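Good morning, everyone. Please take a look at the model on the screen. I will walk you through a few parts of it.

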Amino acid sequence: MKKSIILILLVAFTQTGCKEDFLSLVPATALSSATFFTKQADFEQAVNAAYVPLRSIVNDRAWLLGEMHSDNTYYARNILFGATEQQEDLADFAVPTANGVTSNGHVLAQYRLDYQIISRSNQILSQIDDVDFDATIKANLKGQAQFLRAYAYFELVRYFGKVPLHLEPVTDRQGAALPLSDESAIYAQIISDATAAASGLLSKSAQEPGRVTSGAAKTLLANVHIVQKNWAEAASLLQQVVNSGEYSLMPNYADAFSDNSSNKNNSESVFEVQFLEGSAGLNGNFIYNFMPRPISPAELAPITGTSNPQPISGEGNNIPTPDIIAAYEDGDLRKDASIDYVTLGGSLRSNQVYPYIKKYAKHHSLHNNTGTNWPIYRYSEVLLFLAEALAEQGQTSEAANYLNQVRSRAGLANSTASDLKTAIYKERRVELAFENKRWFDLVRTDRAIDVITAYGNRIKANPLDYYYPDGAEARSNAFSNISLLYGLPADEAALSPHF
């Protein structure tokens, strides 16, 4: 009986006079890109989704690949807990890499999160011009997607160098595996997207708080030009941001950073990733990721302010190094605002005092659940970028003016350094400490190999100074893979014939 019914239905279908190929029809009950994007609200929803991976990137990944993978922070071992090799490898510059690929799971997660942003942005950009709604609103939404795609590719090219350049939605397996594009092609696309975003986005005063703005796009574009040593182009863009009057330094350095539920997107914020404490799934917990361990509830409570602190075991991550602590000048107000200390009674080290990152340690209600935003770009970085771009062009007095604005807020006198560029590098290190800038700065200024080699030698010679348990030594493979780029993810290589 079933066979008869199926045969009748097949015959009936083949005998219909339908002009459209059945395979080209979109099921009326299916939600797809072909049926979803019909009005402004659909694109607003899609743009919101394109921001989402940023939370996982800054909460779980970027500090591992960009800060703990530098001489600013290190990995604190707890011998009562089995080693978490993947994080340890990042801190020790011992990421296993062969034939240009690595099995490190954090590298894989970062890669996939950036491509999530790109995929969602591509879907928006491929269809938004085909739907009619208010031109200003459309330009703003389109600009946000262009910024996010540019930012994701900027991360990828700095981490990996050559990567696949996807600019259209992937509709089949063949389209998912593209060849690796040269860095020049990727940078050209980043510049194209960021330039378009800067013209379409609203200014900060007109934009909904938390969304990217024209100032953020110009700052991103200037950052790209600085990496490529296009100093005049960078200076021009940064001067526009300064002259816009949309931004200013917060008088107190500690106030430059979001509280748990207030002081978000303040006058110094150029762009920050938004978090919200609570059960809606918009919360973060990066301050907990940064705690030295094992830490008891009594030791944690003064830091987090929660009424129900819980013990945290395991290994400690992103612990400020003696190197970054020594980098602050005497009297620098940023030091006490950025770093504090906690004594861990459960530590097996004879010295149970550990530094921790204070600038994000804002009191909140719920254990392991915070609403503190993460800064991507701050106005102080705009000033330091501008100082650097001007110094590279020999405009030293103008450069010093912008450098000294940042120093003045920190309680320091004007710089008297004879080497202004080196002074700017040092200022960036302490001003932007623990904001995932250090590794990228070392690479783009051609200092990474020398700085990290010397840093590794210090750790191997004095492991106790770097939070090793008493009597422990650095692993035999520590600092054996000091490379400027990460290997591409092995799991992705298994899906592509191109790497």
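This is a predicted model: local features need pLDDT of at least 70, side-chain atom pairs count only at pLDDT 80 or more; totals for chains, interfaces and linings use all residues.

Let's start with helix H20. It covers residues 448–461, which makes 14 residues. From its first C-alpha to its last, H20 reaches 20 Å. That is close to the 20 Å expected at 1.5 Å a residue.

Which residues of H20 are buried? They are Ala 448, Ile 452, Tyr 455, Gly 456 and Ile 459. Now look down the axis of H20. The buried residues fall within an arc of 100 degrees, so they line one face of the helix. What covers them? The cover includes strand E1, helix H14 and helix H19. Now turn to the face of H20 that points away from the buried side. Asp 450 and Ala 461 sit there, and they are exposed.

Next, the strands. Find strand E10, residues 374–378. Five of its five residues are buried, so E10 is largely enclosed by the rest of the structure. Its partner here is strand E6, residues 269–273. E6 and E10 run antiparallel, and four bridges join them.

Now zoom in on one residue, Arg 429. Where does it sit? Its place is in helix H18, residues 420–431. Is Arg 429 buried or exposed? Its relative accessible area is 13%. Buried means under 20%, so Arg 429 is buried. Its side chain makes a polar contact of 3.2 Å with the side chain of Asp 71. Leave aside neighbours within four places in sequence, and Arg 429 is in contact with Asp 71, Asn 72, Asp 323, Ile 324, Ala 327 and Arg 438.

On to salt bridges. How many are there? The count comes to 32 salt bridges.

Asp 92 has 0% relative accessibility, so it counts as buried.

Another is Asp 129 with Lys 142, with the closest N and O atoms 3.0 Å apart. Asp 129 lies in the loop between helix H6 and helix H7, and Lys 142 lies in helix H7, so the pair ties together parts that are 13 residues apart in sequence. Asp 129 counts as partly exposed, at 47% relative accessibility. Lys 142 also counts as partly exposed, at 24%.

The last pair is Glu 431 with Arg 409, with the closest N and O atoms 3.1 Å apart. Glu 431 is in helix H18, and Arg 409 is in helix H17. They are 22 residues apart. Glu 431 is buried, and so is Arg 409.

Now widen the view. Glu 431 and Arg 409 belong to a network of salt bridges. Other members include Glu 268, Asp 332, Lys 359 and Arg 378. Arg 378 also takes us back to strand E10, residues 374–378.

That's my tour. Thank you.

Technical notes. Residues are numbered from 1 along each chain as its sequence is written. Side-chain values use heavy atoms; hydrogens and water are left out. Helices (H or I, at least four residues) and strands (E, at least two) are DSSP runs, numbered from the N terminus. Buried means under 20% relative accessible area, exposed over 50%, partly exposed in between (1.4 Å probe, protein chains only). A polar contact is a pair of N or O atoms within 3.5 Å; within protein, one must be able to donate a hydrogen and the other to accept it, and residues adjacent in sequence count only if both atoms are side-chain atoms. Contact means heavy atoms within 4.5 Å. The expected span of a helix is 1.5 Å times one less than its number of residues. The arc is that of the directions from the helix axis to the C-beta atoms. Two strands pair if DSSP finds at least two bridges between them. A salt bridge is a side-chain nitrogen of Lys or Arg within 4 Å of a carboxyl oxygen of Asp or Glu.
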